[in-house]
Amino acid sequence: MASWDSLVVGRPNVGERERLLRRLEGVLDRLWLTNNGPLVREFEERIARVAGTRHAVATCNATTGIQIAARAAGIRPGDEVIVPSFTWVATAHALEWIGIVPVFCDVDEATANADPEHVARLIGPRTRGILAVHVFGRPCEVDALTRLADEHGLVLLFDAAHALGCTYRGKPVGGFGTAEIFSFHATKFVNSVEGGVIVTDDDAYAARVRALRNQGIDPAGRIAGPGTVARMNEFCAAMGLTSLDAIDTIVAANRRNHELYEEHLAGVPGVTVRGQAPGERANHQYLVIEVEQARAGISRETVLEDLLRYDVHARRYFSPICHQVEPYRSAPERHVPLPLPRAEALASRVLSLPTGPTVEPDDVAAVCRAIRDSISRAGRRLVA
Ligand code: T4K
């Protein structure tokens, strides 16, 4: 069990505590706690600026954000949506929970993102959309997926939970497809405790999203149809704004840590640090290594266990992957029509390590020393 001084993946970035407390005082003074309050509106405006989109609609989390984004785009229960299996299970569960059928595609191991050729092979009569993911903030093949969606008349959505502030061909993630959805969960580099934001350039779509988030009540105050309650509240927005104020410092610390991990792990057999897209802006919020058992002499699992002895809590992002867990595993004919060997191979190698401003250069050095020790002990065992 991790304690407050353990080295963990996903330690929240609060930003400047005084600013947060001032914002919270303001909430209590105004006694406006939720339902489109001033801090939520400010958070939406600022996220729209980062994403370069006309609209941003804040939700209580990204999972519900994905559901609203799909419904607002006209995807209905029973429709199929193609999703990469190599993602956090929320991408698939969000759809499954409202009766939309996730159908899993394989990924490109270098980018960890949906392989457009594999997506194309999965398009069938019931396919209504593609929900691609910018895994670990590395933008997916937006152009190829956009072409596919246009050719087949499909809705294109992006799960951008990891990709705030990242770019694709120099343009901020957020403005692609019908909509993109960011997550601001406590473990994300910018966090609002719990939270999500749907961004889009489509005015009519944004109005539908706003209504669906709030009991189906449209901008004129009429009940336009069924909706849910997925509003962000003012306390969460206060945290979101304060964390967002610190975005540059957080990204700088993440980038520094990424470089340090690369330096300290250079030459360790069977261990590589996953990189970001060349020439693009990245937020570096996930520091992911791959452990190739044949060369390292030990598995990812052994490295994970050895790190725990040093109170370093790495995470298996992502393993098991979506099609390896229920309910998808038990219904391959419904969700996994083609084999996914590359996603499975990648899932067996990846390990996320601690990063972020609370992880100091000495911490990175210690984590890397532990990994080196773990692997050299394996080498000695092999020789003995
Ligand atoms: N799409 C993608 C691609 C996603 O990655 C996610 C979320 C979503 C959609 C859905 O977004 P939301 O609906 O959640 O907005 C974590 C997060 O819970 C999850 O949000 C995230 N992806 C996923 C990749 O990671 P767990 O089960 O690993 O989280 P948890 O609670 O075990 O926390 C991980 C570590 O973070 C802990 O060991 C310690 C640290 N931590 C965590 C919390 C909550 C703290 O230090 N303080 C904290 O308050 O899933």
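Author: Helices (H or I, at least four residues) and strands (E, at least two) are taken as DSSP runs and numbered from the N terminus. On that basis, Leu-31 belongs to the loop between α1 (17–30) and α2 (38–51). The model is predicted, so that local features need pLDDT of at least 70 and side-chain atom pairs count only at pLDDT 80 or more, while totals for chains, interfaces and linings use all residues. Residues are numbered from 1 along each chain as its sequence is written, and side-chain values use heavy atoms, with hydrogens and water left out.

Leu-31 is exposed, at a relative accessible area of 65% (exposed means over 50%, buried under 20%, partly exposed in between, with a 1.4 Å probe and protein chains only). Together with Leu-28, Leu-33 and Phe-235, Leu-31 makes a nonpolar surface patch of about 390 Å². Patch residues have over 30% relative accessible area and no salt bridge, with like charges joined within 9 Å and nonpolar side chains (Val, Leu, Ile, Met, Phe, Trp, Tyr) within 5 Å; a salt bridge places a side-chain nitrogen of Lys or Arg within 4 Å of a carboxyl oxygen of Asp or Glu. Areas follow the Shrake-Rupley method with a 1.4 Å probe, and for residues only the protein chains shown count as cover.

Turning to the sheets, two strands pair if DSSP finds at least two bridges between them. An open sheet with mixed pairing contains 7 strands in the order β2-β12-β11-β8-β7-β3-β4. Its edges are β2 (55–59) and β4 (101–105); each has a single partner strand, so one side of each lacks a neighbour in the sheet. Within this sheet, β8 (residues 155–159) and β11 (residues 179–183) run parallel and are joined by 3 bridges, and Asp-159 has Ile-181 of β11 as its bridge partner. Helix α7 (residues 203–213) packs on the sheet, touching β2, β8, β11 and β12, at about 15° to β2. Contact means heavy atoms within 4.5 Å; axes are lines fitted to C-alpha atoms, for helices over the stretch in contact, and angles run from 0 to 180 degrees between N-to-C directions.

A further open sheet has 3 strands, ordered β13-β14-β16, with antiparallel pairing. Strand β14 (residues 287–291) pairs with β16 over 4 bridges, and Ser-352 in β16 is the bridge partner of Val-288. From β16 (residues 350–353), Val-350 and Ser-352 point one way and Leu-351 and Leu-353 the other, all of them buried.
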